[in-house]
Structures are given as structure tokens and as C-alpha cells.
Amino acid sequence: MTQPSGKVSKNRGTKSSNKFAIVLRSIWRRGEGKFALIVLALWVAVSLISLVWTPQSLWATDGYHVWAKPSAAHWLGTDGTGADVFSWLMAGAHTNLFIAILAVIFAGALGILLMGAMVSRNSALSNVSVVAVDALISIPTVLIALILAVPMGASVAVIIIACGIGYGLNLARIARPQALLAANSDYVASALSYGASGFSVMLYHILPNTMPTIMVQLSLSAGTAVLAESGLTYLGVGVPSGVPSWGHSLATSVKFINVYPLTVLWPGLIVTVVVVALNVFGDVLRDAVDPVTNPELREV
Amino acid sequence: MRFVIQRFLLFVAALLAISVVIFAALRILPGDVASVMAGLNAPPERVAQLRSQMGLDRPLVVQYFSWMGGLLRGNFGTSLLTGRSISSTVAMRASVTFPLIVLGLVVALAIGLTLGVVATLTTRSAVRSAFHFVAIVGGAIPALWGGLLLILLFGRGTGLLGILPSQGFPEAGWSSFGSALASLVLPALTVGIIDGASLMRYTRSALGDVMNSGYMDQAMACGYTRRQAALKVGLRLATPQLVSVVGLMFAGMITGVMVIENLFALPGIGAGLVTDLGNRDLIAVQSELFMLAAFFLLVGFLVDLLHRFLDPRLKHAVQGGAQ
């Protein structure tokens with residue numbers, strides 16, 4: 001009696017790791033998937049390295065070498081204070097990664113919570129949440145950020161909270177049809193008839209069935225968060241001065257576009273490439289996690 | 001009709017909710033406008049005097065209702081810093097922002113619809129992937145950077161071609177029509193190209209769905225070629241979906257242009273809001289944020305009605321679902 005049950009749980013364990021490996025493999029197999037994975041891996045690697053090492057100190061300013069051309073010491077030259085442009089871009093990687101990850105976690109938590117409320121059997125809760133999501137979803141993230149920035153000032157938290165709220169609402173709205181399908185399915189009806197609680201139905205039936213949509217949506221949101229960072233920081237309500245970020249590098253170079261036009265190229269290029277990678281990742285992930293388009297998933 | 005009333009009630013409820021959120025957020029503000037106005041070393045009595053002058057010492061509920069009462073009568077208040085009426089300031093700014101987003105939308109529609117239709121109809125895979133690439137990269141460009149690249153290319157003074165103004169708006173406003181329009185070309189292109197790229201993706205997916213439907217087979221059975229069927233029947237069927245997207249895009253542009261207005265030094269709504277925020281001009285920011293939010297909610301409301309009107313199938317679908 002004990003042996004079979006042990007075997008089942010073991011199978012389940014290998015099954016989920018197989019699933020992950022299959023998804024990753026089918027992303028890697030496609031050209032654009034390879035591109036996305038490489039860019040994202042580089043982003044993470046550079047972020048981690050920049051925490052302990054950058055070619056030049058971020059705070060080493062050199063008044064004799066402002067706006068220096070690229071050289072062996074300064075790979076992309078220096079900015080208006082003589083600080084190393086390349087080092088600041090490297091360090092920006094971890095701020096942006098931090099913002100993207102936290103915004104996505106926040107959006108995921110809020111979105112799943114709202115989705116659960118929207119498909120709940122408690123009609124008061126579901127009606128209120130449906131109306132609330134419908135009402136708030138048309139308020140753009142930038143506006144939420146501006147409202148938040150009034151009491152909070154320019155801060156990383158403003159970007160994270162604003163993006164989290166905006167993308168969370170979006171996620172709930174997008175995942176709702178699938179969650180409803182699952183909630184009205186026979187297997188949920190049977191689970192309920194055995195006395196399963198609403199919470200366990202949510203956890204074991206609705207969530208797994210909506211997970212592919214949620215994951216794809218969140219990876220697209222990560223890209224939007226990187227874009228939002230550059231816009232909000234430029235508007236003065238995002239990353240505060242002194243904290244390295246790509247939006248920050250872009251915003252500072254804007255002021256000197258007339259004198260040093262080429263310095264605006266790098267931060268914008270990095271943001272574009274990273275956002276492309278996240279969007280492509282989302283697209284490829286959509287096919288990779290769907291059993292219809294990825295037959296390998298059906299076999300596990 | 002029931003749908004219209006329901007949707008309208010939702011619109012009003014959302015307006016009320018957002019007004020409370022904005023009001024509450026602005027009152028938690030550290031360092032209120034009175035102390036900013038009075039100056040750095042002002043005596044506390046002077047600050048207190050200013051506060052009572054501006055009604056900031058009244059209970060919050062009273063402040064909220066007097067603000068809302070003003071809004072309902074079309075009185076948005078007067079700026080604490082400039083003493084000018086907020087409605088007239090916003091109207092002045094809107095005369096820059098509104099033409100800008102309309103121009104931007106024209107560019108986005110021209111790019112997005114044309115490329116989207118071509119991308120759906122083409123059978124050559126090289127062309128397809130080229131369009132796919134353009135759509136993905138176009139949507140990933142930060143607005144700020146896109147604007148800078150256009151300035152570097154076309155801007156007078158710095159640009160390679162140096163043919164278009166890249167900073168400011170003529171003092172005379174629209175009475176010097178030519179230069180006013182010229183100063184909006186680059187900003188409108190920036191907004192339009194980026195939004196055009198995402199509109200192209202929507203067009204392609206909406207039209208693609210229709211192309212795979214029975215309606216197309218029927219149209220072709222009636223003697224249309226694939227292209228004719230797509231243009232004459234397909235586009236019309238895809239219209240309701242596209243109207244929704246374009247409506248939201250139109251509303252979204254007004255925030256999209258915040259960055260653009262600042263970059264191109266245009267005295268529009270977005271740039272103005274950021275300035276007022278920096279000055280801690282409480283009453284102005286509060287009313288401006290509310291007006292923007294109201295604008296979004298209104299567009300959302302109208303888009304939903306229009307969508308419903310354009311696609312009668314929805315009505316039956318909802319009624320069928322309710323039974």
C-alpha cells in the first residue's frame with residue numbers, strides 16, 4: 001500500500017521537472033527563443049556581476065576627463081561628471097532586473113488574487129471584484145505612478161507598485177475567461193462534491209489551468225516594466241538620482257544630446273534589446289506551454 | 001439599453017472611486033504646498049495663514065466635497081502658485097496635446113493598418129518575418145529613445161538632415177499655423193511609429209482570425225479573390241475589435257505623450273502636469289489628474305458602447321450567456 005503511493009509522488013516529481021525541461025528545450029529549439037534565452041541569461045549574469053564588480057567605480061568622477069571618448073580605461077567613454085558610462089550601464093542592469101522581478105511578483109500576486117475573487121462562488125465578492133477591475137483597468141500605469149509619486153516622491157517603489165497594480169489588473173482580466181472555464185468544469189464540481197474548499201479548488205484546479213496564460217502575460221509585463229522605468233525616471237518620478245538604471249542613463253544623456261549625441265545610443269539600445277527579448281520570450285513561451293502546439297507536453 | 005445604463009453606472013462609480021483615490025493620495029503628501037509657497041525660512045504663522053487662506057485647514061471631508069462640488073459646476077479651482085484658473089490653463093495645454101495625439105493617431109493608423117493588412121495577406125515568408133520583426137522591435141523602443149533618434153535624424157540644429165523643429169511650440173500658438181504644425185511633426189511621428197507597430201500586431205491578429213473563419217470561405221465562394229474578400233469583408237468584420245484597440249490607444253496616447261512633450265519642450269497637458277507636480281501645486285495636480293482619469297474612463301465607456309453597436313453578435317452572446 002505504501003509503495004504505490006510513494007511511487008506516484010516520485011513520478012509526480014520527475015514529471016514536473018520533465019515539463020520544465022521540455023518547455024525550456026522547445027524554447028531553445030527556435031531561433032528567436034535562443035536569442036531571448038541568451039539575452040535574458042546575459043542580463044541576469046551582468047546584474048549579479050555588477051553587484052560585486054564594475055570596470056570602474058561608479059563614484060569615481062574625474063573632472064579632467066568629462067565626456068571622454070571610448071578608451072581602454074573607459075570602454076564607452078565617460079559622462080558629464082567623468083564617471084564611466086559602461087560601469088553605470090552594467091550597474092543599471094541589476095536595478096532594472098530588481099524592478100522587473102518585483103513588479104512581476106506583485107502583479108502576479110495581485111492578479112491571481114483578483115482572478116480568484118472574480119470567479120469566486122460568493123456572488124457579492126465576484127461582482128464587486130469584476131466591477132472594480134473593469135473600473136480601474138482603464139487608468140494607465142503612468143497615471144497611477146504620478147498619483148503615487150505625490151506622497152512618495154521619486155523612488156523605485158513607485159515604479160514597482162504602479163506597474164504591479166496596472167499589470168495585476170490586466171492579468172486578472174486576461175486570465176478570467178480561462179479561470180471561469182475551469183471553475184465551471186466537471187472536475188471542479190466533483191472536487192466540490194467531495195467537500196473541497198474554495199481555496200483548495202483555486203490552488204489545485206483553477207491555478208494550474210490558468211498558469212500558462214499567467215506566465216506568458218507576466219513575461220510580457222516584465223518588458224513593459226523595463227520600458228516604464230525609462231519613461232517614469234525621465235519624468236522625475238521613477239528611479240531617484242544617484243541610483244544606477246538604464247532609464248537614468250538615458251535621461252541624463254538626453255540633456256546633452258546637442259553636444260554629445262552618441263551617448264544616448266547605448267542605454268536606449270540596451271532597453272530595446274532586453275524588451276524585445278522579453279516579448280519574444282513571451283511569444284515563444286505561449287507555444288511552448290500549450291499542449292496543442294507542443295505535442296511533447298502531452299506525453300508526460 | 002440595459003447594457004448602456006449598467007455601463008454608465010460603472011463609469012460614474014469608477015469616477016467617484018478615482019476621485020477619492022486621487023484626493024487621498026494628495027493629502028498624505030509630506031510638505032504641503034503652503035510651506036513650499038511661503039518659502040524655506042518662513043515663520044510658522046505665515047504658513048498657517050496661507051493654509052487657512054487656501055482652505056487646507058478645513059476638515060478633509062469638507063475639502064473633498066467643496067472640490068467635488070466645484071468640479072460638478074465646471075469650476076476646477078485656481079492654481080495656488082499662479083493664481084490662474086486651472087480650467088483655462090488646461091484648455092491652453094490641451095490645444096497642444098489634442099492636435100498632437102490626433103496627428104499621432106493618424107500616423108499610427110496609417111502605419112498599423114497598412115502594414116497589418118499587408119502582413120496578413122502576404123504569402124511570402126520572408127516578408128512575413130520582416131513584418132514580425134518590425135512589429136516586435138517597434139513596440140520595444142522606449143518612447144524617449146525613439147524621439148531622440150528622430151531628433152538626431154531630422155531635428156533642426158543637431159540632426160543629420162536638420163529639416164524639422166525639435167524644441168518648443170510657437171508663442172503665437174495656432175495663429176501661426178505653419179510653425180505650430182511643424183513643431184508637432186516629430187513628436188507625432190514618435191508616438192505614431194511606436195503605437196503603429198503595436199496596432200499592426202492587433203490588425204494582423206484580428207484580421208487573421210477573420211480570415212480563418214467561415215465568413216471568408218463564403219465571400220470567396222461568392223467569387224471574391226482572397227485579397228478582395230479580406231479588404232471588403234474581412235476588414236469590416238475586424239472593425240469592432242480594432243475600434244476597441246484604437247480607442248484605448250487614443251486614451252493611452254495622452255500619457256504616452258507626457259514623455260514626448262517633455263522631450264520636445266511642448267507646453268501640453270503631460271508636460272504641464274509634471275511641472276505642477278514638481279511645484280507641489282496641490283489643487284492644480286489634483287484637478288488635472290482627475291480630468292485625465294475622467295478622460296480615460298469616458299473613452300473606455302464610449303469604446304464599449306461603440307463596440308457593442310458595431311458588433312450585434314455581442315448582444316446575443318451576452319443574452320444567451322445569461323440564460
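Predicted model: local features only at pLDDT ≥ 70, side-chain atom pairs only at ≥ 80, totals over all residues.
Residues are numbered from 1 along each chain as its sequence is written, chains are lettered from A and ligands numbered from 1 in the order in which they are written, and side-chain values use heavy atoms, with hydrogens and water left out.

So what is chain B built from? Its secondary structure comes to 13 helices and 0 strands. Helices (H or I, at least four residues) and strands (E, at least two) are DSSP runs, numbered from the N terminus. Along its principal axes, the C-alpha trace of chain B spans about 85 × 65 × 35 Å. Of its 323 residues, 47% count as buried; that word means under 20% relative accessible area, while exposed means over 50% and partly exposed is in between (1.4 Å probe, protein chains only).

Now look at who touches whom. Contact means heavy atoms within 4.5 Å. Among the contacts in chain B with a separation of 6 or more, 69% are between residues 24 or more positions apart. Chain B also carries 22 positive and 13 negative side chains, and the centres of the two sets lie 11 Å apart. Here Lys and Arg count as positive and Asp and Glu as negative, while His and the chain ends are not counted. Each charge is placed at NZ of Lys, CZ of Arg, CG of Asp or CD of Glu.

Let's zoom in on some residues of chain B. Thr190(B) is in helix H8, residues 177–211. Is Thr190(B) buried or exposed? With a relative accessibility of 3%, Thr190(B) counts as buried. Leaving aside neighbours within four places in sequence, Thr190(B) is in contact with Ala143(B), Gly146(B), Gly147(B), Leu150(B), Ile260(B) and Phe264(B).

Gln286(B) belongs to helix H12, residues 282–310. Because its relative accessibility is 1%, Gln286(B) counts as buried. Beyond its neighbours within four places in sequence, Gln286(B) is in contact with Ile22(B), Phe23(B), Leu26(B), Arg27(B) and Trp67(B).

Leu310(B) also has its place in helix H12 of chain B. Leu310(B) has 36% relative accessibility, so it counts as partly exposed. Where does Leu310(B) sit relative to Glu45(B)? Their C-alpha atoms are separated by 61 Å, and along the chain they are 265 residues apart.

Ala265(B) sits in the loop between helix H10 (226–263) and helix H11 (269–278). Although Ala265(B) is not a glycine, it has a positive phi of about 50°. Most residues other than glycine have a negative phi. At 37% relative accessibility, Ala265(B) counts as partly exposed.

Over to chain A. It has 11 helices and 0 strands, and its C-alpha atoms fill a box of roughly 75 × 45 × 30 Å along the principal axes. Buried residues make up 48% of its 300 residues. The accessible surface of chain A comes to about 14500 Å², with 68% belonging to carbon and sulfur atoms. As for charges, the mean positions of its 16 positive and 12 negative ones are 11 Å apart.

Take Met118(A), which is in helix H3 of chain A. Met118(A) counts as buried because its relative accessibility is 5%. Not counting residues up to four places away in sequence, it touches Ser126(A), Ser129(A), Val130(A), Val133(A), Ala172(A) and Arg176(A).

Finally, there's the second largest pocket, with a volume of about 630 Å³. On a 1 Å grid over the protein atoms alone, a pocket is an open set of points where a 1.4 Å probe fits, with protein on both sides within 12 Å along at least five of seven lines; lining residues have an atom within 4 Å of a point. Grid points are joined across faces, edges and corners, and the volume is the space filled by probe spheres set on them. The lining has 29 residues, of which Asp79(A), His248(A), Ser249(A), Thr252(A) and Ser253(A) lie nearest the centre. Which helix gives the largest share of the lining? H9(A) does, with 7 residues.

Notes: Areas by Shrake-Rupley, 256 points an atom, 1.4 Å probe, with all protein chains shown as cover.
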